[in-house]
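Welcome! Here are some exercises to work through with the structure open beside you, each followed by a solution in steps.

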Amino acid sequence: MRIAVIGAGAIGSALAAGIARAGADVMLVARGGRLALLRTEPVRMISDSGAWEQAVPVCAADDLAGPFDLAICCVKTPDLPEALTALHGKLAPGGAMLTLQNGVEAPEQAAAILPGAAIVAGRMHGFFELDGDAVRHVGVAPSILLGCTHGVADQAEALVLQALAGSGIAATTSPDIVRALWEKFMLAACLGSTACALGVPAGQVCAHPGGEALLRAAMAEVAALARLAGVQLDAADIAATMAFVGTFPPEATTSFQRDLLAGRRSEYAALTGAVPRLAERYGFTPMVFRQLDAMIHARLHVV
């Protein structure tokens, strides 16, 4: 099996290193300084369990030579259309694409740009961040929940599970991946937005005065939007997500939050901005997210 991992940020580098370490044929697509570094240096991983290194073949998007049985798209949401376009003609017949973007719109974007490809949507849990040249993992054990949204489900899902076996990131299939994406959207959009609005790490939101109530109200608003979209999220889902947030280490931040703080292009449109955009379809007014949006813009420059 030939595997392409598109995007050499923290998650893409961790996945490619884990897949290569398991002995699979993988190519990591990188750019800029990260591409120059990984041409001569291994991916360096740091976690609570120790540090390790793994050499991974890398190339620029323009030099990607297929065919690949599986492509794993790890770029941030703003870069997704460009990454998908670079894969035109690079997937083998019966090949699959795994999307790992936050939000609920990536699988449809992938299906539109890569017609005929099997699209597997993934929901990833786990905190990875670049620490200098190394990838640091903190907090909860990383895992991917996945499900096919376009194509032959059994075949596509088996392909992804095979590729991730031995990577160090647990992968399981979901009977309802669309619901799972909305659950992750409720976590990522609400926690990232609330943390940025309050100016604290994501792991400290619930300890901040009024933070827990604001986060819970934001989750209730996303759950209401999900129900309008035909996905049944309720009080039990909010409680489970709040409990999960309670497991985060105090210093934990979301990638969305880190990008905003650094003034980089972020997933703002796919997370904070997606709630009012999706709400327009249903005549729904997301008052909490209007408040969060105003608070974030007062504090940060949004890119």
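About 30 Å³ of space lies in the largest cavity, and this is a predicted model.

**Exercise 1. Find which residues line the largest cavity, and which element gives the largest share of the lining.**

Step 1. Start with the count: the structure holds one cavity of 30 Å³ or more.

Step 2. Now list the lining, which is made up of Leu100, Gln101, Asn102, Gly103, Gly122, Arg123, Met124, Leu181 and Lys184.

Step 3. Two elements, strand 8 and helix 6, each give two or more residues to this lining. Strand 8 supplies the largest share, three residues.

Step 4. Sort the lining by class: three residues are nonpolar, four are polar and two are charged.

**Exercise 2. Describe the largest pocket: what is its volume, and which residues lie nearest its centre?**

Step 1. The volume of the largest pocket is about 1400 Å³.

Step 2. Its lining counts 49 residues, and Gly9, Ala10, Cys74, Val75 and Lys76 are the ones nearest the centre.

Step 3. Look for the elements that give two or more residues to this lining: they are helix 1 (10-21), helix 3 (80-86), strand 8 (118-131), helix 6 and helix 9. The most comes from strand 8, with seven residues.

Step 4. By class, 26 of the lining residues are nonpolar, 10 are polar and 13 are charged.

**Exercise 3. Repeat the check for helix 6.**

Step 1. Helix 6 has 22 residues and reaches 31 Å from its first C-alpha to its last, close to the 32 Å expected at 1.5 Å a residue.

Step 2. Helix 6 is mostly covered, as 19 of its 22 residues are buried.

Step 3. Just after helix 6 comes Gly199, with a positive phi of about 75°.

**Exercise 4. Work out why the buried residues of helix 11 line one face of the helix.**

Step 1. Check the length: the 13 residues of helix 11 (residues 287-299) should span 18 Å at 1.5 Å a residue, and the end C-alpha atoms are 19 Å apart, which agrees.

Step 2. Pick out the buried residues of helix 11: Val288, Phe289, Leu292 and Ile296.

Step 3. Seen down the axis of helix 11, these buried residues fall within an arc of 90°, so they line one face.

Step 4. On the other side of helix 11, Met287, Arg290 and Ala298 are exposed.

Step 5. Find the partners: the buried residues of helix 11 pack against helix 6 (177-198), helix 7 (211-228), helix 9 (255-262) and helix 10 (274-279).

**Exercise 5. Classify His150 by its accessibility and find what His150 touches.**

Step 1. Locate His150 in strand 9.

Step 2. His150 has 24% relative accessibility, so it counts as partly exposed.

Step 3. Leaving out residues up to four places away in sequence, His150 touches Pro107, Glu108, Ala111, Ala117, Ala118 and Ile119.

**Exercise 6. Find where the cis peptide bond at Pro67 lies.**

Step 1. Most peptide bonds are trans.

Step 2. The bond that joins Gly66 and Pro67 is cis, with omega about 0°.

Step 3. Pro67 sits in the loop between strand 5 (58-59) and strand 6 (68-73).

Notes: Residues are numbered from 1 along each chain as its sequence is written. This is a predicted model: local features need pLDDT of at least 70, side-chain atom pairs count only at pLDDT 80 or more; totals for chains, interfaces and linings use all residues. Side-chain values use heavy atoms; hydrogens and water are left out. Helices (H or I, at least four residues) and strands (E, at least two) are DSSP runs, numbered from the N terminus. The expected span of a helix is 1.5 Å times one less than its number of residues. Buried means under 20% relative accessible area, exposed over 50%, partly exposed in between (1.4 Å probe, protein chains only). The arc is that of the directions from the helix axis to the C-beta atoms. Contact means heavy atoms within 4.5 Å. On a 1 Å grid over the protein atoms alone, a cavity is a set of points where a 1.4 Å probe fits but cannot get out, and a pocket is an open set with protein on both sides within 12 Å along at least five of seven lines; lining residues have an atom within 4 Å of a point. Grid points are joined across faces, edges and corners, and a volume is the space filled by probe spheres set on the points. Ala, Val, Leu, Ile, Met, Phe, Trp, Tyr, Cys and Pro count as nonpolar, Asp, Glu, Lys and Arg as charged, and the others, Gly among them, as polar.
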